[in-house]
Amino acid sequence: MKKLIFNPYDGIDWSTILRCKANLHTHTTESDGLLYGADVITRYKNAGYSILAITDHDNYRVKQRPQENGAVKYVNSWPWTIWEGTKDYQAPTGTFAMIKDEVLGVTANGMLTVQSCELSGINHINSYDNDYSGGNNKRIDYTNEESAIQALKDRKGVCVINHPGRYGETVQWYVDLYKKFYPILRGLEVYNQGDTYPHDRDLWDDILTELMPFMPVFGWSNDDMHRERDLFRNYQYLLLREFTAAEFRVALNLGRGFFSYEPGGSGNALAPYVNSVVINKNKGTISINADNWDSIEWICEKNIISTGSRFNYKNTRGLTSYVRAKLTNSKGFTYTQPFGFID
């Protein structure tokens with residue numbers, strides 16, 4: 001018989017929680033993106049996103065385009081006011097002005113901004129909520145993943161490993177890295193730029209098998225937006241009690257959210273949408289109340305061990321240390337974060 005000991009949605013009041021649509025991996029002309037910063041922000045805002053992380057690469061930039069940061073090689077595209085001015089690729093003055101003097105803040109257009117950077121001289125890692133940009137004008141000041149994560153740890157940041165399918169590292173490599181830097185290293189990008197690396201969900205399962213239930217690694221889905229065709233296929237909803245910087249960190253640290261992949265990239269979020277997750281410890285069930293779903297699968301160690309909106313964790317065979325749910329409809333897929341169990 002199993003006992004639920006980790007619930008990523010614990011303590012959430014679903015009647016009042018804010019569901020904030022977010023993209024946490026985005027590029028502009030400050031590195032190798034093809035859209036100007038002001039254009040990127042406006043497009044995501046118009047598609048209903050309320051949280052955006054602009055994660056320009058730290059190790060190079062495109063020389064053919066005007067650079068608001070003055071062609072500085074190592075970049076942390078911050079604050080958003082660098083895109084305000086009088087030129088045609090800049091927004092009107094004040095559009096993205098910071099209201100709060102903090103690392104994260106609400107802008108004049110009502111979006112919660114994330115100071116961030118993609119550390120790219122190694123296996124790519126997204127750094128959030130700190131000023132680390134990988135180096136200075138002369139050199140990158142990290143030599144491997146561990147030294148990069150240590151640098152942002154010193155700045156009280158948090159990070160996620162991007163598109164792991166690109167690198168070919170072993171499962172043990174990831175497990176060792178998460179163990180060393182937990183809880184600074186909290187996530188894995190399991191959908192990237194559509195579904196460029198389809199085996200990343202299998203890798204996620206392999207990592208969860210080794211680390212759950214005491215070190216949950218959260219999955220995320222990001223556009224990794226470089227050009228127009230990358231827009232709106234990947235998104236997540238972060239669950240915030242208040243629309244603040246502190247609550248963003250809570251959601252990232254505790255896995256308070258669900259994420260989606262919508263191949264058509266409509267911008268209208270047509271994948272299944274989770275309204276609530278209800279735990280009944282007496283009956284040993286997890287129930288999902290959602291809109292626009294055709295099927296729900298409960299997955300453990302790459303295997304579908306149950307189907308339907310209600311999962312009985314006391315009596316389902318094949319359950320080990322975790323389970324995660326996958327909701328499907330004709331437009332796309334939505335995933336919960338993993339739930340953790342002990343015998």
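Helices, taken as runs of at least four residues, and strands, taken as runs of at least two, are assigned by DSSP and numbered from the N terminus. In these terms, Pro183 belongs to the loop between helix 3 (171-181) and strand 9 (185-192). The structure described here is a predicted model. With a relative accessibility of 42%, Pro183 counts as partly exposed, since that class covers values between 20% and 50%. From Pro183 to Asp223 there are 40 residues in sequence, and their C-alpha atoms are 24 Å apart in space.

Just after helix 1 comes Gly48, whose phi is positive, at about 90 degrees.

Helix 4 consists of twelve residues, 200-211, and spans 16 Å from its first C-alpha to its last, close to the 16 Å expected at 1.5 Å a residue.

In general, a pair of aromatic rings is described by the distance of the centres and the angle of the planes. The structure holds 20 aromatic pairs. One of them joins Tyr36 and Tyr89, whose ring centres are 4.8 Å apart and whose planes stand at 35 degrees, so the pair is tilted. Tyr36 is in the loop between strand 2 and helix 1, while Tyr89 is in the loop between strand 3 and strand 4 (105-106), so the pair ties together parts that are 53 residues apart in sequence. Tyr36 counts as partly exposed at 26% relative accessibility, whereas Tyr89, at 9%, counts as buried.

Tyr261 and Phe333 form another aromatic pair, and this one is stacked, with 6.3 Å from centre to centre and 15 degrees between the planes. The pair links distant parts of the chain, for Tyr261 is in strand 12 (residues 257-261) and Phe333 is in strand 19 (residues 333-335), 72 residues apart. Tyr261 is buried, with a relative accessible area of 12%, and Phe333 is partly exposed, with a relative accessible area of 24%. Both rings belong to one aromatic cluster, together with Tyr191, Trp204, Phe259 and Tyr335.

Charged groups also meet aromatic rings. Arg201 lies over the face of Tyr191, at 3.8 Å from the ring centre. Elsewhere, the charged end of Lys21 sits over the ring of Tyr235, 5.2 Å from its centre.

The cysteines complete the account. A disulfide is a covalent bond between the sulfur atoms of two cysteines. Across the whole structure, a search finds zero disulfides. Cys20 is buried, with a relative accessible area of 3%, and Cys300 is likewise buried, with a relative accessible area of 1%.

Methods: Residues numbered from 1 in each chain as written. Predicted model: local features only at pLDDT ≥ 70, side-chain atom pairs only at ≥ 80, totals over all residues. Heavy atoms only, no water. Phe/Tyr/Trp six-rings, centres within 6.5 Å; stacked < 30°, edge-to-face > 60°. Buried < 20%, exposed > 50% of the residue type's maximum accessible area, 1.4 Å probe, protein only. Lys NZ or Arg CZ within 6 Å of the ring centre and 35° of its normal. Disulfide = S-S within 2.5 Å. Expected span 1.5 Å × (residues − 1).
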